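Here is a friendly walk through a two-chain model. Keep the structure open as you read.

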Amino acid sequence: MTDDDRPDDLDRLFAQARVTPPAGLALRARTRLTAMRRAWRLTALLALDLAALLVLGWLAFRLGAASQTSGALPLARAAMADYHMAFEEPVPLGAALLALVPWSYVLLISLNALFVTGLTSAVLRRAGALGQAGVGGSRR
Amino acid sequence: MSERLVALWSWLGVHRLLAGWAAALAGLALCGGGIALGASGAEDGAFAGPPAVAGAVTGPATSPPGRVEAVVIARRPRGYLARTRAGDLVLIRVDARTRFRALGRAADATAVQRNTVVVVQGAPGARAGVFRARVVAVRRGATEASATASE
């Protein structure tokens, strides 16, 4: 054993000291770790939510283009501009409008909107649970 | 980084009502903006191609008097409800004396269906928005119009 390995006064002092951990340290550490994992999971869900929103925007763009090409939007604009004629002939105008709307895009947008709404609600609910647990900023 | 994320999500959790409304408004803005942007970049498929009637692009007011180009929206008891290239609604009145033409040959009223593009020769009626047709010429059939619209 060299001189460096022999215990000195400080080593003997630490060996004699009784060190007790703060109360509830393990629980607090576990809670903090759980909160961090939840936060990362929520971030991943948020990324998925944003991607779904981008898809929604793209589908809306395609719906606009398809509605213009099919004549649905020009007909709707004409009916709004000439509302007297629209009031006189509501049934044929309405039937023509319904026939011209690109319903496949409307369906896709509706499904996407439902998905985004559900996902956003779930994310905010979980964030609420995180906030209520009081783990945000509770550093000691 | 993790600590900041926890703090951020905790803050969002406390203000989730505000965050929810912001998300809803963002979704609505994205939808509306997307539709407007898509529509602005596309053409009216019903009238694809150059106008058959000179001046028909700007509407019946500047078309040669007595002629209008329109796409048929619906059949009516005494004619057709149609939309001009300029976006005006017009009631085309036909009677027993009205002549129909399709593909350069004489035809009958069955040649005119919904989504058919027609060039109508006649005169404006006494009431605004009514056009009394002497000749109705089919410029493009309904099936061709649908094929162009679906492209």
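## About the model

This is a predicted model, in which local features need pLDDT of at least 70 and side-chain atom pairs count only at pLDDT 80 or more, while totals for chains, interfaces and linings use all residues. Residues are numbered from 1 along each chain as its sequence is written, chains are lettered from A in the order in which they are written, and side-chain values use heavy atoms, without hydrogens and water.

## Where the chains meet

Chain A brings 48 residues to the contact and chain B brings 41 (contact means heavy atoms within 4.5 Å). Together they bury about 3,600 Å², with 72% of it on carbon and sulfur atoms; buried area is the accessible area (1.4 Å probe) lost by two parts on being put together, summed over both. A:Thr69, A:Met85 and A:Leu124 supply 16% of the area that chain A buries against chain B, more than any other three residues.

## Salt bridges at the interface

Three salt bridges are found across the interface of chain A and chain B (a side-chain nitrogen of Lys or Arg within 4 Å of a carboxyl oxygen of Asp or Glu). One of them pairs B:Glu3 with A:Arg32, with the closest N and O atoms 2.3 Å apart.

## A buried glutamate

B:Glu69 sits in strand 1 (residues 67–76) of chain B; strands are DSSP runs (E, at least two residues), numbered from the N terminus. B:Glu69 counts as buried because its relative accessibility is 1%, where buried means under 20% relative accessible area (1.4 Å probe, protein chains only).

Technical notes
Helix = DSSP H or I, 4+ residues; strand = E, 2+ residues; numbered from the N terminus. Buried < 20%, exposed > 50% of the residue type's maximum accessible area, 1.4 Å probe, protein only.
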